[in-house]
Amino acid sequence: MSAPAPTAELSHRLARLDEVDALRGLMDAAITQLQKPFLDGRQIASSRTIMGLDTQLIADGTYFVVESGGRLAGCGGWSRRATLYGGDQSPGRSAALLDPARDAARVRAMYTHPDHARRGVGRLILALCETAARQEGFRTLELMATLAGEPLYRAAGYGVIESVEDPRGGAPVPLLRMRKSL
């Protein structure tokens, strides 16, 4: 396997509400392409119900955009709220605030555009999330990983604490709850 082609330097900033449509387009491309080796067509369709953009993260100022050469390369963030994963359309979300002294902050809605996969986008977003959560007093982070995302999270020091299947979108989607101490 050859190394990925060099990419333009990555830049990052906080996401804005006026770019929600572009972010959702990136997420759709990521779900469609990057999940193919792990999920069948029904599970990919189901993923669109249980995953996606939670605009509360943008409103909270905890959601990042990564660009490469002026193009949207990825997005992701962290949360001080109870919801572990899911977008605006996902059932069962909770906006309750977490207590940094006892709760784990959440890494949320991480997506890399397929054209930018394996070029440092996910690692950059994780580093931004970890730094921000640490600055707010959190000592641990949790996330719900897709099978496609698991290798990145393991390499970044996250360990699996639970394997689950989420059937809320119509077909069971395998997921891994992972945690890391900061």
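The largest pocket of this predicted model holds about 820 Å³ of space. A pocket is an open set of points on a 1 Å grid over the protein atoms alone, where a 1.4 Å probe fits, with protein on both sides within 12 Å along at least five of seven lines. The volume is the space filled by probe spheres set on the points, joined across faces, edges and corners. Local features need pLDDT of at least 70 and side-chain atom pairs 80 or more, whereas totals for chains, interfaces and linings use all residues. Residues are numbered from 1 along each chain, and side-chain values use heavy atoms, without hydrogens and water.

The pocket is lined by 40 residues, each with an atom within 4 Å of a point. Met110, Ala148, Gly149, Leu152 and Tyr153 lie nearest its centre. Two or more lining residues come from each of α1, β4 (105-112), α4 (121-135), β5 (140-145) and α5 (150-155). Helices (H or I, at least four residues) and strands (E, at least two) are DSSP runs, numbered from the N terminus. β4 gives the most, with six residues. The lining comprises 26 nonpolar, ten polar and four charged residues.

Helix α1 (residues 20-34) also meets helix α2 (residues 41-50). Their axes, lines fitted to C-alpha atoms over the stretch in contact, come within 10 Å and cross at roughly 150 degrees. α1 and α2 are therefore roughly antiparallel (over 145 degrees). Asp28, Ile31 and Thr32 of α1 contact Ile44, Ser47 and Arg48 of α2 (heavy atoms within 4.5 Å). These residues divide into two nonpolar, two polar and two charged.

Conventions. Axes fitted to C-alpha atoms, helices over the stretch in contact; angles between N-to-C directions. Parallel < 35°, antiparallel > 145°, perpendicular 65-115°, else oblique. Nonpolar A, V, L, I, M, F, W, Y, C, P; charged D, E, K, R; others polar.
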